[in-house]
Amino acid sequence: MKVAILSDIHSNGDALGAVLSHAQADGAEAWWCLGDVVGYGAEPNLVIDRVRALGAVCVAGNHDWAACGLVSTRLFNRHAAFAAEWTARNTSPANLTWLKTLPLIERRENTLLVHATPSAPEEWNYCMMIEDALLEMDAFEEPVCVIGHSHYPGVFEKDGEEIRYTRAHQLRLREGRRYLVNVGSVGQPRDGDPRAAYAMYDTTNGLLEHVRVSYDIEAAQTKILAAGLPPFLASRLAAGD
């Protein structure tokens, strides 16, 4: 089965539309969403409606729970806090209720789905270093765990006691090894590449592909500015940082 794995859409309808078109053309049969559906961007209702229409398996991100009052914005930076409060005011009651019901973890196809880290999903920690991955690998039993949160795609692969990190475009998942996969961000990449990121996972053949898709960044920026959101949230889209 070919599964399109999305994360950190962040209310960016233009990026999401491009990713959905690309994944559908590539034969996506199922959809997993790793959270942060909202936050930062100007189209929370559009994005939520599209994710819900897909029938996607979805877990909660910190920005999702912040929008519906389950997470405090006290530790957010000022731009993120402003956007979370704006999102809370500009998201329909039905969609806020949906965000509130999202779980922290899901399991599908012998894979663990979580937004931040499997060891403490409610603490919204980052996993970006080998040392982090060594800890996190002990926190799940499945051979594969997929995450988002850092907006930086890549894969940690553990073979016995050895662990390595790769940003290879394609990776064949091998039996007997374990994987912690960050699928990157659809709506706000931060790895220096402004194109929307997602992953296509062929669960039958054990093939994982990191995919980048160009989208109308200027349109997304215009919507952010028109909504009265911080200009920084628009300008960073073009830089991919």
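Predicted model: local features only at pLDDT ≥ 70, side-chain atom pairs only at ≥ 80, totals over all residues.
Local features require pLDDT of at least 70 and side-chain atom pairs pLDDT 80 or more, whereas totals for chains, interfaces and linings use all residues. Residues are numbered from 1 along each chain as its sequence is written, and side-chain values use heavy atoms, with hydrogens and water left out.

**Overall fold**
- The chain contains eight helices and 12 strands (DSSP runs numbered from the N terminus: helices are H or I of at least four residues, strands E of at least two).
- Its radius of gyration, taken over C-alpha atoms, is 17 Å, close to the 18 Å of the globule rule for 241 residues, so the chain is as compact as a globular protein of that length (the rule is 2.2 Å times the number of residues to the power 0.38).

**Sheet**
- Six strands form an open sheet with mixed pairing, in the order β3-β2-β1-β11-β12-β9 (two strands pair if DSSP finds at least two bridges between them).
- β3 (57-58) and β9 (170-172) are the edge strands; each has a single partner strand, so one side of each lacks a neighbour in the sheet.
- β1 (residues 2-6) and β2 (residues 30-33) pair in the parallel sense over four bridges, and V3 stands opposite A30 in β2.

**Largest pocket**
- Of the 18 residues lining the largest pocket, N62, H63, L75, F76 and Y126 are the closest to its centre.
- The lining divides into seven nonpolar, seven polar and four charged residues (Ala, Val, Leu, Ile, Met, Phe, Trp, Tyr, Cys and Pro count as nonpolar, Asp, Glu, Lys and Arg as charged, and the others, Gly among them, as polar).
- A pocket is an open set of points on a 1 Å grid over the protein atoms alone, where a 1.4 Å probe fits, with protein on both sides within 12 Å along at least five of seven lines; lining residues have an atom within 4 Å of a point.
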